[in-house]
Amino acid sequence: MNKMVDTRNALFSPYPGCFAGRGQQSLVRLNLHEANGATFVEQCGGPVQLLTDATTVPAHLQAGVMMLGNFDGFHRGHQALMAAARAAALAGGSPIGVMSVEPHPRQLFAPHSTAFRLGTPATKAEAFGRFGVEFMYSPRFDHAFAGQEPEEFIDEILVGGFKVSRLVVGHNFRFGRRRRGDVDLLRRVGRLRGFAVTAVEEVQWDDATCSSTRVRDLLMAGDVEGASSLLGHAWTVELGVMPAAVLRSGERIVAWHASVLKPACGGYDVVIRRPNEPGSLSQGRITIDTSGLVSLALESWRVVESVQAPLFADFIRHCAD
Ligand SMILES: Cc1cc2nc3c(=O)[nH]c(=O)nc-3n(C[C@H](O)[C@H](O)[C@H](O)COP(=O)(O)O)c2cc1C
Ligand SMILES: Nc1ncnc2c1ncn2[C@@H]1O[C@H](COP(=O)(O)OP(=O)(O)O)[C@@H](O)[C@H]1O
């Protein structure tokens, strides 16, 4: 059964605990936000409804256009899917949704890999909302989910639960047991079950395929501006500030989500803001030392101290000094 959870005060995740997603549903209120140093293709803004249970999909979110994938980082390739979904949804007057499993599949299949994620559920939801997504289906990604036959996933979740009118995927999207599901299979089943499929051609940027892996490589090299360019927006990280953890320099230690990638060591100019709200609270500098400790220096702590929710940091540039 889907329940309502206010995500605005959640630390790192709309889910209570690390991921206790099954059976919860939340509403994330999102507003327009000016990205710093980079422009979004489209900024729509709007509430994003989070669903974790496909058996109780509200009627107004059924018969929608759904994008499938993980969408870590929401880079320009992902945004091309969004553009195709919006065009189809406008033509049919349907809601736009996205399936983005949690945790990221790599966390299930390679649990000991170093932190690699670009986003958390809250930063993903914010990005989706800016681009006009109305609902985010985030089922718990476990072995039972990953091992579903493609037809079973389509019949039970996409058709039975969401009654989708159209799916939007990348041309090489694969899913289901032994990764047998692909665009051809989606189209074949779609003809029988009454949904359409849009397969988006590969999107490139600077003569190479846009991918989350490429964004990660740029961040690990400290190239924040390159990452922003590939993303089409600033890289946003969800932070927890620990008020008691003050360093001698006046900086405060910040909690960094364990699964989120740390960029190259050094200092980064950031803009600190509330999740899902326009405008900055303060300019700041995040430093990542060689031991991985993350600290934050701010122009003004006063405005930040009153914020109960976690903070979002938009990464602007790697500082030379
Ligand atoms: C709907 C759905 C989406 C999936 N998405 C991904 C994904 O984004 N990345 C990934 O590595 N595996 C994903 N998987 C899991 C793989 O398709 C596959 O099921 C998994 O690698 C297990 O493969 P095996 O049967 O060969 O062990 C997804 C599975 C399903 C059912
Ligand atoms: N460069 C791209 N061009 C077109 N579609 C893409 C691109 N990158 C990813 N996609 C599509 O976006 C969806 C989410 O992809 P995902 O696997 O989360 O991306 P990534 O590999 O970048 O982490 C999938 O349907 C995928 O096929």
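1. **Ground rules.** In this predicted model, local features need pLDDT of at least 70 and side-chain atom pairs count only at pLDDT 80 or more, while totals for chains, interfaces and linings use all residues. Residues are numbered from 1 along each chain as its sequence is written, and chains are lettered from A and ligands numbered from 1 in the order in which they are written.

2. **The whole protein.** You will find nine helices and 16 strands here; helices (H or I, at least four residues) and strands (E, at least two) are DSSP runs, numbered from the N terminus. Of the 321 residues, 41% are buried. A residue is buried if 20 or more other C-beta atoms lie within 10 Å of its own, exposed if 12 or fewer, and partly exposed in between, with C-beta atoms placed from the backbone. Among contacts between residues at least 6 apart in sequence, 72% join residues at least 24 apart; a contact means C-beta atoms, placed from the backbone, within 7 Å.

3. **The annotated span.** An unreviewed UniProt entry gives residues 60-214 the annotation "domain: FAD synthetase". UniProt positions follow the numbering used here, feature names are shortened, and annotations may be inferred rather than shown by experiment. The end C-alpha atoms of residues 60-214 are 37 Å apart, and the span is 40% helix and 17% strand.

4. **Neighbours of E5.** Strand E4 (residues 65-69) runs parallel to E5 and is joined to it by five bridges; strands pair if DSSP finds at least two bridges between them. In this pairing, Met-66 stands opposite Gly-97. Strand E6 (residues 135-137) is also parallel to E5, with three bridges, and Val-98 stands opposite Met-136 there.

5. **The crossover.** Together, E4, helix H1 (residues 76-92) and E5 form a right-handed β-α-β unit. Right-handed means that, with the strands pointing away from the viewer, the path from the first strand over the helix to the second runs clockwise.

6. **Ligand 2.** This ligand is surrounded by 20 residues, the closest being Gly-69, Asn-70, Gly-77, Gly-170 and Ser-212; a residue counts if its C-beta atom, placed from the backbone, lies within 6 Å. Two or more residues of the shell come from each of E4, H1 and strand E7 (166-170), and H1 gives the most, with four. The shell has nine nonpolar, nine polar and two charged residues. Ala, Val, Leu, Ile, Met, Phe, Trp, Tyr, Cys and Pro count as nonpolar, Asp, Glu, Lys and Arg as charged, and the others, Gly among them, as polar.

7. **Ligand 1.** Around ligand 1 there are 13 residues, and Pro-105, Ala-146, Phe-175, Arg-177 and Arg-178 are the closest. Four are nonpolar, five polar and four charged.

8. **Backbone spots to check.** Most residues other than glycine have a negative phi, and most peptide bonds are trans. Phe-71, in the loop between E4 and H1, has a phi near 65 degrees. Arg-178, in the loop between E7 and helix H6 (183-193), has a phi of about 55 degrees. Phe-71 is buried because 25 other C-beta atoms lie within 10 Å, whereas Arg-178 is exposed, with 9. A cis peptide bond joins Glu-102 and Pro-103, with omega about -5 degrees; Pro-103 lies in the loop between E5 and helix H2 (105-109).

Notes: Two residues are in contact if their C-beta atoms, placed from the backbone, lie within 7 Å.
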